[in-house]
Amino acid sequence: MIRQSLPGIIFLGYVQKDRLQRQIMQKSLAGLPVGIFTDITPINFIGTPQCESQNDYDNNGRIEQTTLTFVTCDSIPTHEHLAFVITDANRQSYIIGQRERPYPIIKIKKNTGTPGGDTNAKTVEVTLYAHRSLVPCKR
């Protein structure tokens, strides 16, 4: 098992899958650069988002699981298939998701907060299982 945790996320956004290049995962596996040539809808986050990628052995092959967790008050269109773009503190960008299947699984947990001042926010968890789920990209 190989684990990677990004050193601090400074940008977070999403893109509709139809606006992405085709075969992003295969291009990355072949060592080709991946670019995002469309507008990215930024997500305002609260606190520090977490992104962790884990590479495991699975059925005579390797599978990578990437989990992105963040807290936001923004509305995320979960009725569409989305890809998430993040930029870490080292100014390296990554995309989680692609135009083709498999798509990221998006879970949203809502919290009403308390009258004493806790935030009324949503905790979003994005998970993707693929041969390469955390793809370096240029934006």
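Biologist: What is the mean pLDDT of the chain, and where is confidence lowest?

Modeller: Of the chain's residues, 93% reach 70 or more, and the mean pLDDT is 91. Confidence is highest in strand 3, at 98. Where pLDDT is low, the predicted coordinates should not be read in detail. The lowest confidence, a mean of 68, falls in strand 1 (residues 2-5).

Biologist: In what order do the 5 strands of the open sheet run, and which are the edge strands?

Modeller: The order is 3-2-6-7-10, with antiparallel pairing. An edge strand here pairs on one side only. That picks out strand 3 (41-42) and strand 10 (135-137).

Biologist: Aspartate 88 is in strand 6. Is aspartate 88 buried or exposed, and how far away is the nearest side chain of opposite charge?

Modeller: Aspartate 88 is buried. A salt bridge needs a nitrogen-to-oxygen distance within 4 Å. Aspartate 88 has no salt bridge. The nearest side chain of opposite charge is arginine 91, at 7.9 Å.

Biologist: Which backbone nitrogen lies 3.0 Å from a polar atom of the aspartate 88 side chain?

Modeller: The cut-off for a polar contact is 3.5 Å between N or O atoms. The 3.0 Å distance involves a side-chain polar atom of aspartate 88.

Biologist: How many salt bridges does the count give, and which side chains meet in a salt bridge?

Modeller: The count comes to 1 salt bridge. The N to O distance is 2.9 Å. The side chains are those of lysine 17 and aspartate 18.

Biologist: Why does lysine 17 count as buried?

Modeller: Buried means under 20% relative accessible area. Lysine 17 falls below that limit, so it counts as buried, with a relative accessibility of 18%.

Biologist: Where is threonine 78, and what is its relative accessible area?

Modeller: Threonine 78 sits in the loop between strand 5 (62-72) and strand 6. It is partly exposed, because its relative accessible area is 46%.

Conventions. Residues numbered from 1 in each chain as written. Predicted model: local features only at pLDDT ≥ 70, side-chain atom pairs only at ≥ 80, totals over all residues. Heavy atoms only, no water. Pairing = 2+ DSSP bridges. Helix = DSSP H or I, 4+ residues; strand = E, 2+ residues; numbered from the N terminus. Buried < 20%, exposed > 50% of the residue type's maximum accessible area, 1.4 Å probe, protein only. Lys, Arg positive; Asp, Glu negative; His and termini not counted. Polar contact = N/O pair within 3.5 Å; in protein donor to acceptor, adjacent residues only side chain to side chain. pLDDT = per-residue confidence, 0-100.
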